[in-house]
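Biologist: Could you walk me through this model? I'd like to start with charged pairs and then look at pockets.

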Amino acid sequence: RKSGEWIDLQLPLYRHLLEPLGVSGDVSLGYVLLPRDLDEVGGRLANWTEDELHAADEVARQVIQSVHAERFWPPESVEASHFPELAGICQDGVLEPRWES
């Protein structure tokens with residue numbers, strides 16, 4: 001979260017993968033830190049509340065609805081490629097964008 005807004009939903013959404021695997025009870029969410037300095041290797045747990053996690057779920061729902069409705073923001077032109085050497089792999093110019101104003 002940044003300034004109270006969800007900007008990365010990956011970790012909070014992982015908790016939804018646990019139920020089909022039969023995991024129940026309290027679950028902790030976190031990252032394993034792998035910095036260059038091996039003395040700094042460790043873990044960092046998130047301390048989100050249930051309300052914050054539910055807010056993350058709502059943001060995910062909104063993203064899914066926007067994708068289904070083909071609403072993408074911010075609208076950008078795909079005319080110029082940032083990596084022309086990858087244009088073939090990225091299929092630059094194959095599909096015309098359908099941005100909404």
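Modeller: Happy to! A salt bridge here is a side-chain nitrogen of Lys or Arg within 4 Å of a carboxyl oxygen of Asp or Glu. The model is predicted, so local features need pLDDT of at least 70 and side-chain atom pairs count only at pLDDT 80 or more, while totals for chains, interfaces and linings use all residues. Residues are numbered from 1 along each chain as its sequence is written, and side-chain values use heavy atoms, with hydrogens and water left out.

Biologist: Great. How many salt bridges does the structure hold?

Modeller: Three. One of them joins the side chains of R61 and E58, at 3.4 Å from N to O.

Biologist: How far apart are R61 and E58 in helix α2?

Modeller: They are three residues apart, so about one helical turn separates them. Helices are DSSP runs of H or I with at least four residues, strands are runs of E with at least two, and both are numbered from the N terminus.

Biologist: Which residue does R1 meet in a salt bridge?

Modeller: E52, at 3.9 Å from N to O. That pair links distant parts of the chain, since R1 is in the segment before α1 and E52 is in helix α2, 51 residues away. R1 is partly exposed at 39%, and E52 is partly exposed at 23%.

Biologist: What about D57, which side chain does it pair with in a salt bridge?

Modeller: With R15, at 2.6 Å from N to O. Here too distant parts of the chain are linked: D57 lies in helix α2 and R15 in the loop between α1 and β1, 42 residues apart. D57 counts as buried at 9% relative accessibility, and R15 counts as buried at 18%.

Biologist: Which backbone oxygens does the side chain of R15 reach?

Modeller: The backbone oxygen of P12 is 2.6 Å from a polar atom of the R15 side chain, and that of L53 is reached at 3.4 Å. Leaving aside neighbours within four places in sequence, R15 is in contact (heavy atoms within 4.5 Å) with L29, L53, H54 and D57.

Biologist: Switching topic: which residues lie nearest the centre of the largest pocket?

Modeller: R15 again, along with V27, L29, E50 and L53, out of 17 lining residues. On a 1 Å grid over the protein atoms alone, a pocket is an open set of points where a 1.4 Å probe fits, with protein on both sides within 12 Å along at least five of seven lines; lining residues have an atom within 4 Å of a point.

Biologist: What is that lining made of?

Modeller: Eight nonpolar, five polar and four charged residues. Ala, Val, Leu, Ile, Met, Phe, Trp, Tyr, Cys and Pro count as nonpolar, Asp, Glu, Lys and Arg as charged, and the others, Gly among them, as polar. Helix α2 (residues 50-68) gives the largest share of the lining, three residues.

Conventions: A polar contact is a pair of N or O atoms within 3.5 Å; within protein, one must be able to donate a hydrogen and the other to accept it, and residues adjacent in sequence count only if both atoms are side-chain atoms. Buried means under 20% relative accessible area, exposed over 50%, partly exposed in between (1.4 Å probe, protein chains only).
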